[in-house]
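Here's a quick briefing to read alongside the model. Have the sequence and the structure open as you go.

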Amino acid sequence: MSDNEEDGPTKLSTEPVDNAWSLKIPAFKEEDNPHGLIEESSFATLFPKYREKYLREVWPLVQQCVAEHHLKAELDLIEGSMVVKTTRKTWDPYIILKSRDMIKLMARSVPFEQAKRVLQDDVGCDIIKIGNLVHKKEKFVKRRQRLIGPNGATLKSIELLTDCYVLVQGNTVAALGPYKGLQQVRDIVLETMNNVHPIYNIKALMIKRELMKDPQLANEDWSRFLPKFKNKNISKRKQPKVKKTKKEYTPFPPAQPESKIDKQLASGEYFLNQEQKQAKKQQERSTKQAEAAKKQDERRNKDFVPPKEDGSSTAADRKRQSNDNKVDVNALKAKLLKANKKNRS
């Protein structure tokens with residue numbers, strides 16, 4: 001007996017679900033669709049030339065794998081395409097979409113041993129296009145290599161934390177695994193191509209895995225436990241020494257600058273005749289010459305101007321001056337007497 005028969009008939013609930021990941025999806029069996037499919041469905045996909053040798057070797061295994069689900073698989077080496085079709089015995093309507101994903105993964109260099117896992121109900125696939133996320137080719141190559149890591153260590157850690165098989169090939173990233181893990185892989189890949197290092201998301205996943213083990217924190221917010229990383233990417237562009245402040249935007253245009261005629265009208269010069277204009281210019285010229293001559297005389301007489309004496313002197317200077325002016329009277333008398341004696345003798 002199946003699990004559904006032991007538990008009794010399943011009842012459909014229309015109530016909101018708190019955790020959709022915890023729901024157990026009932027299995028779809030052949031007894032649920034005894035009449036099979038009426039119409040035939042088929043999907044085809046192209047594969048590159050370098051995959052031809054590998055696909056030709058594993059194609060018998062592919063046909064055997066899809067035959068278990070009553071499907072047909074064809075390999076066209078001339079057109080370079082793979083085709084999967086339903087038959088009259090196919091009873092699962094969704095298996096054709098699963099087989100389509102399988103041949104898509106095989107065309108993108110995923111080995112058959114991994115690609116056939118997508119036929120299981122709890123396993124899905126996601127092909128993430130990363131070719132158009134970065135415009136410069138050098139940056140794209142560096143960020144794609146950052147996703148792989150040294151010796152594939154970063155990619156291996158992502159696979160262990162998400163329980164997914166991840167393959168970076170060309171302009172796409174193929175992921176295969178549980179649906180919750182596929183969401184995490186897509187977030188990591190997109191943020192990596194947007195210049196966020198994958199180690200930050202890997203640390204967050206490791207912390208979440210440890211928090212899931214604690215039942216007391218199941219209904220709490222985990223944001224306080226997760227690390228918060230600040231962007232330290234500083235622009236290397238040289239900053240100008242004098243930065244021009246941007247003027248405040250005004251919808252009105254600036255005022256029209258005054259022309260030469262406007263200035264003459266404002267000063268009254270416009271209404272003067274030719275002789276008056278010449279006289280005014282001559283007067284301005286003589287005034288300028290007088291000012292220049294005055295400045296020239298000041299510059300020449302600058303060397304002959306005596307410096308100003310400072311009236312304030314220190315106490316030591318005053319004492320020195322008083323000592324110099326003081327005359328020793330006794331010494332002067334002795335000197336005069338000595339001179340008189342010499343004259344007498």
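Predicted model: local features only at pLDDT ≥ 70, side-chain atom pairs only at ≥ 80, totals over all residues.

Residues are numbered from 1 along each chain as its sequence is written, and side-chain values use heavy atoms, leaving out hydrogens and water.

**Overall make-up**
- The chain has 12 helices and 6 strands, taken as DSSP runs (helices H or I, at least four residues; strands E, at least two) numbered from the N terminus.
- Of the 345 residues in the chain, 24% are buried, meaning under 20% relative accessible area with a 1.4 Å probe, counting protein chains only; exposed is over 50%, and partly exposed lies in between.

**The sheet**
- Three strands form an open sheet in the order β4-β6-β5, with antiparallel pairing; two strands pair if DSSP finds at least two bridges between them.
- β4 (124-129) and β5 (165-169) sit at the edges with a single partner strand each, so one side of each has no neighbour in the sheet.
- β4 is joined to β6 (residues 172-177) by 6 bridges, and Ile127 stands opposite Ala174 in β6.

**Cysteines**
- Searching the whole structure turns up 0 disulfides, a disulfide being a pair of cysteine sulfur atoms within 2.5 Å.
- Cys125 is partly exposed at 21% relative accessible area, while Cys164 counts as buried at 6% relative accessibility.
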